[in-house]
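Okay everyone, thanks for coming. Let me put today's chain up on the screen, and then I'll walk you through a few spots.

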Amino acid sequence: MQQREVGKYPYLIQVEGGDPIEAVLIVGKAEGKTLVVTAGVHGDEYVGIQAVRELLEELQPEKLNGRVIFVPVVNREGFYNGTYLVPEDGENLNRCFPGSQEKSLTWRMAYALEQSLYSKADFLLDLHGGGLHETMTPLVFFPVGAGKEIEELTRKAAQKLSLSYMVQSYAKDGLYSWATQRGVPAVLIERGGGGTWSPEETEACKENIYQMMDFLGILPYDRRRQFPAEIQDAHYETALSKGYWYCVKTAGAAFREGELLGRIEGEDGCVRQEIRAPYDGVLLYHTHSLGVKEGAALMAYGRVRGRK
Ligand SMILES: [Zn+2]
């Protein structure tokens, strides 16, 4: 990390008792801010992983003011095994922050990421997507539980991104959310899902990274396809029992207070659970599996800020 010359450099994040996490440091022509971009914390969320892969080819260090550190696939074993979990211990890395040297591999990965990335980042961007069983509309989570200063800065950053929604988040135990608890401004983008990726989604994700670099003064970029609407009072619904899951709305759809959003039926056809809208809002993402077990995530929705 001592490099001062313009260029791209491999950067290894050492993990106690495990393989190092591979990163790439890009040093620009002039001093400036440092953006950290992480992809593949969940190994089956492909759009961000492919976007970083392509950007590492495209970016020319001599055009940048400042630095970018890319971690192309944080959870490589998960990626090669097609899972969001870390296969060695079956943990979800985005629930293992703050990390610990005393626990299993995933916790030690979290510890290593904190130690090597947080102190270098002026801003951290973590790239995710919907899971294998999720359909999602593109959105960015920004923190509202880490102080006014971070909230205002990350809200401004999120407003620069071309995607559908910017969602207030109170999470604390993930790579990006724990960063904000430690005073590092950070946001999490969700794009794609269902275990798929496309060139169009990859382009849109790359555009979001360019927009973030523009926000930080690292590289000018002025294209905006759309501006996000801000979401508050996000609700995350889970299954009260196992059954057949019928989601009535599609991701991104608006609904009125009292409308049916989805239901679970038992094998006998009786309705076990009905989800009705507590307010006028929009559906952010939903599980598209027909069969769900008790406790399964079903959907997330929220209210558009400024609309009644
Ligand atoms: Zn994820």
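So, which domains does the domain assignment of the chain give? There's domain 1, covering 7–227, and domain 2, covering 231–304; bounds like these come from an automatic or database domain assignment. Quick housekeeping: this is a predicted model, where local features need pLDDT of at least 70 and side-chain atom pairs count only at pLDDT 80 or more, while totals for chains, interfaces and linings use all residues. Residues are numbered from 1 along each chain as its sequence is written.

Now, how do the domains meet? Their C-alpha centres lie 28 Å apart. Across the boundary, 13 residues of domain 1 are in contact with 12 residues of domain 2, where contact means that the C-beta atoms, placed from the backbone, lie within 7 Å. On the domain 1 side, β6 (134–136) and β8 (165–169) are the elements giving two or more residues, and β8 gives the most, with 4. Those labels are DSSP runs numbered from the N terminus: helices are H or I with at least four residues, strands are E with at least two.

Next, the inside. What does the largest nonpolar core look like in numbers? It has 88 residues, and Val37, Leu124, Leu125, Val140, Val187 and Leu284 have the most contacts inside it. A nonpolar core here is a set of buried Ala, Val, Leu, Ile, Met, Phe, Trp, Tyr and Cys residues joined through C-beta atoms within 7 Å.

Let's zoom in on Leu188, in strand β9 (residues 186–190). Is Leu188 buried or exposed? It's buried, because 27 other C-beta atoms sit within 10 Å; the cut-offs are 20 or more for buried, 12 or fewer for exposed, and partly exposed in between, with C-beta atoms placed from the backbone. Leaving aside neighbours within four places in sequence, Leu188 touches Asp126, His128, Val140, Phe141 and Tyr176. With that same exclusion, the contacts of Val140 include Leu188, Val187 and Pro228.

Most residues other than glycine have a negative phi, and most peptide bonds are trans. Asp233, in strand β10 (residues 229–238), has a positive phi, near 50 degrees. Asp233 counts as partly exposed because it has 13 C-beta neighbours inside 10 Å. And the peptide bond from Phe97 to Pro98 is cis, with omega near -5 degrees; Pro98 is in the loop between α2 (76–81) and α3 (105–117).

Terms used. Two residues are in contact if their C-beta atoms, placed from the backbone, lie within 7 Å.
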